[in-house]
Amino acid sequence: MNIVVLVKQVPDTYGERTLRGDGRIDRERDTPALDEIDERALEVALRLRETAGGEVTVLTMGPPEAVVALRKALAMGADRAVHVCDEALAGSDALQTAAVLAAAVRATAAPGAATFDLVVAGNESTDGRTAAVPAMLAERLGLPQLTFLGSVAVDAGIVTGLRITPEGTTELCAALPAVISVTEGSAQPRFPNFKGIMSARSKPLTTLTLADLADHGLVEAEAGGANSWSLVCTVTARPARAGGTVISDDGTGGSRIAAFLAAANLI
């Protein structure tokens, strides 16, 4: 199988994030890291490769420093990496990102292979949180989509997965090639070992620009923040955390707590 995993460098999940005046995250003040959900997506792909053979390619769209995230993915076990890097992409929204990634996926066939079999992504990034890019990508590529999967398996050219929702579970399946997204319950990612870290230095890492993707369906004039389909009108700082409600038990504490939880729709 030839598997493409979408990864993203994001501000550290546990760090304090700030916004710039234009509504974008101030990445210069945040510590970057490979998104945790993408580590799980990569783990799913690596396990599929171990079962069925093939290659795993990690793909990202981001600034030059995003190469650090790709190197970690290579150290975890990916075979090669592709970095779409172009200043003209700055400020791209989800629609534009999906268009760029679709063009990059088309250009990212493994050596000697005609195409890819599976695209794996996290269900949503921890900075944008649109949870829409995998579905948009599937539409751009004209492929079936299986999203928000808690488990994944591939057999005889069919990918199956279990989607867990508050209403229950749904078993989904589709013929390859396909696009899937996975949740935090899909797999526990492995840690890069010393051998993986050392071998990552020699694994192929290709950098693509907008011009490189022009022959794969991408319109350069539609990329970047100036051409974004969505617009941030205002930015408001998160209010300071207020003190909680204190209930002293004078014999009615239980009923008062129950009333408080009911008012918050928690029970």
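A residue counts as buried when its relative accessible area is under 20%, and as exposed when that area is over 50%. The model discussed here is predicted.

C85 has a relative accessible area of 19%, so C85 is buried under the 20% cut-off. C173 is exposed, because its 56% is over the 50% cut-off. T183 is buried, with a relative accessible area of 19%.

| Residue | Relative accessible area | Class |
|---|---|---|
| C85 | 19% | buried |
| C173 | 56% | exposed |
| T183 | 19% | buried |

How many disulfides are there? The count is zero, taking a disulfide as a pair of cysteine sulfur atoms within 2.5 Å.

**Around T183**

T183 sits in the loop between β10 (178-182) and α5 (194-200). Beyond its neighbours within four places in sequence, T183 is in contact with I37, R40, N123, F148, L149 and G150.

**Nonpolar cores**

The largest nonpolar core holds 33 residues. Within this core, I3, V5, L42, V58 and L118 have the most contacts. Several elements each supply at least two of its residues: β1 (2-6), α1 (36-52), β4 (55-61), α2 (67-76), β6 (118-122), β7 (145-155), β9 (168-175) and β10. Another core, of 29 residues, lies apart from the largest one. Its members include L101, A102, A138 and L141.

Which residues does L42 touch, not counting those up to four places away in sequence? L42 touches V5, V56, V58, A73, M76 and A78.

How values were computed:
Residues numbered from 1 in each chain as written. Predicted model: local features only at pLDDT ≥ 70, side-chain atom pairs only at ≥ 80, totals over all residues. Heavy atoms only, no water. Helix = DSSP H or I, 4+ residues; strand = E, 2+ residues; numbered from the N terminus. Buried < 20%, exposed > 50% of the residue type's maximum accessible area, 1.4 Å probe, protein only. Contact = heavy atoms within 4.5 Å. Core = buried A, V, L, I, M, F, W, Y, C linked by side-chain atoms within 4.5 Å.
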